[in-house]
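Reader: Could we go through this structure together? I would like to begin with a single residue.

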Amino acid sequence: MSSHTHNTVHIKKMNVELVKNVLKAQGVGTKASIANLTKLSVATCGTILNELLAIGEVIELDSDKPNGGRPAKQYRYNEDFGCVICLLVKTEGGIHSISCSIVNLIGETVHESTVELPHIDVKTIDQFIETLINGNENVQAIGIGIPGVVHQGVIGVCDVPDLAGQALGPYLEDKYEIPITIENDMNMTVYGFYHLQDFEEEKTFAVVTFPRNHFPGAGFIVDGRIITGNTTFAGEVSFLPFGMTREEQLRQLHTDDGFIQLAVQTLTSIIAIINPVTIAITGDLPRDSQLEKLYKGCLMNFPEEHMPQLMLQNNIHKEYMKGMVTATLESLTYRL
């Protein structure tokens, strides 16, 4: 493909994305109103709308009320043109589960369910997805949250032993030929928290979790962008130099004094490195009664003006799913 042809295709995809974004945001639009918001010509918008109408991704409504001339046609994005499947793989208290959300193309939940399983491996997830695809029309993308390190769809260190070392992403992409997004659970949780805060400007935000019987983890957003690191290892805070073995760290986390000490060290490290506006503390181990000790413990290390808000929230399912849904829908958009 020549560079000229490539640029033409690139511009066309960008323009289509602009039109779709306006319709999703505005609900209903005419060619003129869409052209005004996208800064494209009315003719270009008309061509794109006709193409989207032909495949059913846009719906033509009754004409706008006349204003002394020919009534303008109105268009609406068809949120039910397709759907995405989002799965959250979890292991808590020795119980393995998969939470599923079927979401339409503007992020509205169509169906939700959670199933507990004796074990989870690639075959289990594949069968789960196959059943969902057979039961839903035009599945356009799949998102999977994993309690572990994920790099280019390959799972590394993972709380679900049978998934560690598995190339889950490449396998599913090859089989289903649709975009597959596999992400670390904490990255998706912080992404969900961030979007639900509805900040007016880009902020720096962190989530750190202290689960029972597992090592802690964290997720970071710096100036509005998820920080994953070179090999998506960012956030593996259990590898901080606590001066003890990992086995001893896990034991200490399950004692009152040990938890406070290790949590303060973890929070202090996060604050010193990314200086967030807020840190959400999650998981089974933290308690509301410990927040003051954690706050004061951090203040022993630096001036109070650098201290973020600390918020405690044990149940983060909504935030985790929000992040996964957002990331999965974004996998369908052409990057502007």
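Reader: Is N78 buried or exposed?

Author: N78 is buried, with a relative accessible area of 15%; buried means under 20% and exposed over 50%, with partly exposed in between (1.4 Å probe, protein chains only). Please note that this is a predicted model, in which local features need pLDDT of at least 70, side-chain atom pairs count only at pLDDT 80 or more, and totals for chains, interfaces and linings use all residues. Residues are numbered from 1 along each chain as its sequence is written, and side-chain values use heavy atoms, with hydrogens and water left out.

Reader: Where does N78 lie, and what does N78 touch?

Author: N78 lies in the loop between β3 (74–77) and β4 (83–92). Leaving aside residues up to four places away in sequence, N78 touches G56, E57, V58 and I59, where contact means heavy atoms within 4.5 Å.

Reader: Which residues of α3 are buried?

Author: They are C45, G46, I48, L49 and L52.

Reader: A new topic: at what angle do α8 and α9 pack?

Author: Helix α8 (residues 256–274) and helix α9 (residues 291–299) pack at an angle of about 55°, and their axes are 9 Å apart. The axes are lines fitted to C-alpha atoms over the stretch in contact, and angles run from 0 to 180 degrees between N-to-C directions.

Reader: Which residues make that contact?

Author: From α8 they are I260, A263, V264, L267, T268 and I271, and from α9 they are K293, L294, G297 and C298.

Methods: Helices (H or I, at least four residues) and strands (E, at least two) are DSSP runs, numbered from the N terminus.
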